[in-house]
Amino acid sequence: NDGDINMKNIGQFLKPKEFHKALEKKEAVVLDVRNDYEAEIGHFKNAILPKTKTHREYLKEVTRLLKNHKNDDILLYCTGGIRCEKTSAYLKSKEYKNVFQLQGGIIDYAHFVKKNKIKSKFIGKNFVFDHRLGERVTNDVISKCYTCNEPSDRNLDCAYQPCHDLIIQCEACSQKLNSCCSEKCMQRALST
């Protein structure tokens, strides 16, 4: 129940430089606060990546995943920092003591490592919610094309409008399927 969460009692903010240093602690638990399709193309090394599609599902899954970490440092991160606030307030309401969140999210972290010319602990692309669907942080490609299983981090929406699934698809498969997620959707799109 969201009414049980005190949004004024949130985790401590860590600037990108502080978060980068906190990632070096062996006992720290790093938690991706984004949906699974966002983390699939890029995430911090050794992060826990809950396999959920919505934030409500996510909060239930987090409780299960962190049940043995009540006294550990919990390092939260998301795209720009918004979802971390709710998650950190939720964890604090569940009596997690050491909750920290990356101030400015992956976006600010990527700017920090680039500006300071240091090796990023975030690998791959940061999923963004505009026409690009991703912003490269490192050259690592950690995901695979849903169609052929070859390395790819190219996101696109299925071109068949009733489907409109967000998928990872390489350029070759996208051309072969007319930017659809499957033969079935391509045939449906061609028949409309």
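This is a predicted model: local features need pLDDT of at least 70, side-chain atom pairs count only at pLDDT 80 or more; totals for chains, interfaces and linings use all residues.
**Entry 1: S179**

I started with S179, which I found in the loop between α6 (171-176) and α7 (183-191); helices here are DSSP runs of H or I with at least four residues, strands are runs of E with at least two, and both are numbered from the N terminus. S179 is not a glycine, yet its phi is positive, at about 65 degrees.

Residues are numbered from 1 along each chain as its sequence is written, and side-chain values use heavy atoms, with hydrogens and water left out.

**Entry 2: N46**

I looked up another residue with positive phi. N46 has phi near 65 degrees and is not a glycine either. I found N46 in the loop between β3 and α3 (55-65). With 75% relative accessibility, N46 is classed as exposed.

**Entry 3: the whole protein**

Then I zoomed out. I counted 7 helices and 9 strands in the protein. Its C-alpha atoms fill a box of roughly 55 × 45 × 25 Å along the principal axes. Of the 192 residues, 45% are buried. The accessible surface is about 10,800 Å², and carbon and sulfur atoms account for 49% of that (Shrake-Rupley method, 1.4 Å probe; for residues, only the protein chains shown count as cover). I also looked at contacts (heavy atoms within 4.5 Å): among those between residues at least 6 apart in sequence, 57% join residues at least 24 apart.

**Entry 4: a sheet of 3 strands**

In what order do the 3 strands of the open sheet lie? I read β3-β6-β7, with antiparallel pairing (two strands pair if DSSP finds at least two bridges between them). β3 (42-44) and β7 (135-136) are the edge strands, and each has a single partner, so one side of each has no neighbour in the sheet.

I followed the pairs one by one. β3 and β6 (residues 122-126) run antiparallel and share 3 bridges. G42 has G124 in β6 as its bridge partner, and F44 stands opposite F122 in β6. On to β6 and β7: these are antiparallel too, with 2 bridges, and N126 has E135 in β7 as its bridge partner.

I checked how covered β6 is. Since 5 of its 5 residues are buried, β6 is largely enclosed by the rest of the structure. Helix α5 (residues 105-116) lies across β3 and β6, at about 120 degrees to β6 (axes are lines fitted to C-alpha atoms, for helices over the stretch in contact; angles run from 0 to 180 degrees between N-to-C directions).

**Entry 5: K125**

I picked a lysine in β6, K125. K125 is buried, at 12% relative accessible area. Apart from its neighbours within four places in sequence, K125 touches I41, G42, G134, E135, R136, V137 and D153.

**Entry 6: aromatic rings**

How many aromatic pairs are there? I got 6 (rings of Phe, Tyr and Trp, the last by its six-membered ring, pair if their centres lie within 6.5 Å; planes under 30 degrees apart are stacked, over 60 edge-to-face, the rest tilted). Y37 and F127 have ring centres 5.3 Å apart and planes at 80 degrees, so I logged them as edge-to-face. They link distant parts of the chain, 90 residues apart: Y37 is in helix α2 (residues 36-39) and F127 is in the loop between β6 and β7. Y37 is partly exposed at 21% relative accessibility, whereas F127 is buried at 2%.

Next I took F44 and Y109, whose centres are 4.9 Å apart and whose planes are at 70 degrees, so this pair is edge-to-face. F44 in strand β3 and Y109 in helix α5 are 65 residues apart in the chain. Both F44 and Y109 are buried. F44 and Y109 belong to one aromatic cluster, which also includes F19, Y77, F112 and F122.

Definitions and conventions
Buried means under 20% relative accessible area, exposed over 50%, partly exposed in between (1.4 Å probe, protein chains only).
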